[in-house]
Amino acid sequence: MTEETRPSPDALLREAEREGRGTLKIFLGAAPGVGKTYEMLLEGAEKRKAGKDVVIGIVETHGRKETEALVAPLPVVPRKELVYKGQTLTEMDIDVVLERRPQIVLVDELAHTNAPGSRHPKRWQDIKELLAAGIDVMTTVNIQHVESLNDVVGSFTHVRVRETVPDKVFENAEIELIDLPPEDLIVRLEAGKVYIPDQARQALDHFFSKGNLLALRELALRHAAQYVDARIKEHQSVTGREGYGGGQRVLVAISEAAGGEQVVRAAKRLADALKAPLIALYVETPSAARLSDAEKTQLARTLALASSLDATLQSVPATSVQEAILAQCRETRATQLVIGSSRHGGRGFPPFRRSIVKDLIDRTSGVAVHVVPLAEERRGGDWRRYLPAAPFTGDGVALGAVGVTTLVLFFAQGWIGRGPIDMLYLVPVIASASLFGFRSGLVAAVAAGIAYNFFFLPPVYTFNIYGPANVITAILLVIVAIITGQLAAQARAAAGLAMRSARENASLARFATRLGAASDTSETAQIVCDEVRSILVVQTTILHGSENGVKITASGQTKPELSSVDRAAAEWAFEHGEAAGRGTNTLTASDWQFRPLKTSLGTLAVLGLRSPSGRDAVPTKRAALTESLIDQAALAHERLKLETDMREMEVVRQRDSLRAALLASLSHDLRTPLTAVTAAAEALSSSGEDAELVETVRSEARRLNRFLSDLLDLTRIEEGAVTPDLQPIDLTDAITSAIADLAALLEGRKVQTSIDPNLPLVRADAVLLHHAILNLINNAVKYSPEEEPIEVVARMGRRGPVIDVLDRGPGIPQGSEQRIFDRFARGETSDRTGGSGLGLAIVKGFSQAMGFSVEAARRQRGGSRFTIRIPPEAIVQVSMEDIA
């Protein structure tokens, strides 16, 4: 027995955010030639036939006659021409599409790389901009272009696909799997329906071999299944029904080693399969200061990939990689650990220590360890990178300290004897290692051994050693000095990491405290700029949205002068909720990097970062700290916005309560005199005197009575007093009943009905559905010419029954499809029709009370279409036993 729980607020907020955006439908295939573009065009034609405004943004027919035949009847947006290296290339003209604002645009090849000079480097970024503008998009993609599956596909096809799409693009999309058995696809290839014959034969021998096609088909099916699971989980969060939750958490350890992207992708696939969050951990050891430029670049790429795959980045300073990973496993309660392992063994120093991977496997408890083998190349002479760095002044000081110690001991040996001299040489070794690191300690140890041998072991003033005891003493001195110096250096490194971690934690705590005390947006913005500037040592600025784009509201220094490119990057980050500028994939010519302060409420502001040296504003080793600062700044802005919204909501609630009480009072108080007026008009009409005047009084009284009834219904809807009584209903009866009740209004008008006789029974409230259909027909009568027919259509849609009411009036103004359902919203000819603007608001309220949805659209040839969509769960399932 399942228990109803409270819906997730975050899930409800995500649903609310999607309402203003366009919807994305992806036709996913296992390989080229399965029919993705064909299916997309077929559905586009069907949508256009249903009255939707559908255009082709860009479709590649590849010379296929079947595809060209489907493209012909659909309007095509002219392509934009770009000249690159003397060649003219064509791409989708996103500006023309945005200006035309169709309801649906078809965009082929989601993973396509745009020609240089385009607004975005990738086509999926063009699609994101279209979705943000409220335009629905249909597109196509093959499974090998999914970012997290890129290396898997390459492992068995031996073809590395360069054009990939981030997994986050698929999160809010509707995915339709276009499946074709490998045998049928091979037949299509051999028939020349995918490639020309010569290319087809070559493809069959390589990428399109039957084994590859089977593996690709399995990947596509699995990816589609994971999408279905994610949608089920999202639906459970929205409805409040408790679903499956395994409590899995995946932790992936990343490093500067080559092949880090492979490890991250493997962890992403595991996290998706387990429906678990992914945490990417980088352990910053003292050796991080000595990484080469190639290793720093590799680490930055791996961190960027982890961020693009929606992993939570964590950077932990530690002297031991194993201890840090184990501690994070305990802290995050990770159940799965993913780590890469080179085939060349451990990279630690000394070289004989146990492998990090083996040590982790032995010491983890309750955590499944997944080891990803890496084909890392050997690097000659790599042993020097394990020697901690020290400035040459440290080496000089070490030698000087040994020299001073030797001089002091030389003159003091007559007083103290030769016995404690070897132990006293440990003093400069420990001091050098503690102050300057292990290398300086090693220099001091070797110098101490040489000085001890030369000045104090007989025969003195030579490097010869006589006697086993003296040999052992000299060797032990060097060994003890090296070990002592290493321990001192490790203690120094650990203390340095601890001090740095403490400083960062103190900075974060101070940052949070100051943000908590801020009482308005401008003060919060200034605190963010000051603190981030102090912690990261960068130039900072905060920008908020305004009527003319974005404007600077605070800065950590003098107000910066932003160029046109900088402002374009800031506006892009604010509008799309993604980083832009230097170090990102968008508008990289900007000197600034702009990071959105994004929460569940959307993007509230933009934080600009600029390095004074002109380098990347966010160093790789401080990426996790930067994310923490940005998250805290975003939460502070969210808190202020929520407080402001709550105050405004309280004012609105009080105003709405007063308005509802006033409307209800007026409706009830006017109902009694109206009833008397109507009765008197009826009595006068029977006498036959002044028939025309009496009919005017009667019709106007009825109209005023309907208006008061609408006010009462609207008040009930807004107060949540509408409780539907859901019963099995025949849609044919509901439609014919509504038309019959409007017989007087429809006198002389032509009404065409088309009702599918095979429509199932649906669960609905008979009274509410009756009023909804009645109001839609009444609205059509008001806004369409008398000579034009009104159509009422009941049909079976793709997901459930659909009721359409169509007219030939002036049509809904472009962009008003949602606003038309607001209370007191009226059409362009409302002055002529005299509508109150409440009918469609009542239709929406009654429909939503029954769990239905209602939408409006402008017809291509003039007029409007109003649609009530009934969900599949409202269909009454009739079994054979019920029929019997």
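Visitor: What does pLDDT do over residues 829-834?
Guide: In this predicted model, pLDDT (the predictor's confidence in each residue, from 0 to 100) stays under 50 there. The model has ten contacts for residues 829-834 beyond four places in sequence, a contact meaning heavy atoms within 4.5 Å.

Visitor: And what is the average pLDDT of the chain?
Guide: The average is 76, and 74% of the residues score at least 70. Over residues 242-246 the pLDDT is below 50, and that stretch has five contacts in the model beyond near neighbours in sequence.

Visitor: What are the ground rules for the numbers?
Guide: Residues are numbered from 1 along each chain as its sequence is written, and side-chain values use heavy atoms, with hydrogens and water left out. Local features need pLDDT of at least 70 and side-chain atom pairs count only at pLDDT 80 or more, while totals for chains, interfaces and linings use all residues.

Visitor: How many helices and strands are in the chain?
Guide: The chain has 27 helices and 24 strands. Helices (H or I, at least four residues) and strands (E, at least two) are DSSP runs, numbered from the N terminus.

Visitor: Which order do the strands of the open five-stranded sheet take?
Guide: The order is E2-E5-E6-E1-E7, with parallel pairing; two strands pair if DSSP finds at least two bridges between them. Strand E2 (54-58) and strand E7 (174-178) are the edges, each pairing on one side only. Neighbouring strands are turned by 25° against each other on average, direction ignored.

Visitor: How many bridges join E1 and E7?
Guide: Five, in the parallel sense, with E1 covering residues 24-29. Gly29 stands opposite Ile178 in E7.

Visitor: Which strands does H2 lie across?
Guide: Helix H2 (residues 36-49) lies across E1, E2, E5, E6 and E7, and runs at about 165° to E6. Axes are lines fitted to C-alpha atoms, for helices over the stretch in contact, and angles run from 0 to 180 degrees between N-to-C directions.

Visitor: Switching to H12, which residues are buried?
Guide: Gln322, Ala324, Ile325, Leu326, Gln328, Cys329 and Thr332. Buried means under 20% relative accessible area, exposed over 50%, partly exposed in between (1.4 Å probe, protein chains only).

Visitor: What follows H12?
Guide: Arg333, whose phi is positive, near 55°.

Visitor: How much of the whole chain counts as buried?
Guide: Of its 884 residues, 44%. Among contacts with a separation of 6 or more, 71% come from residues 24 or more positions apart.
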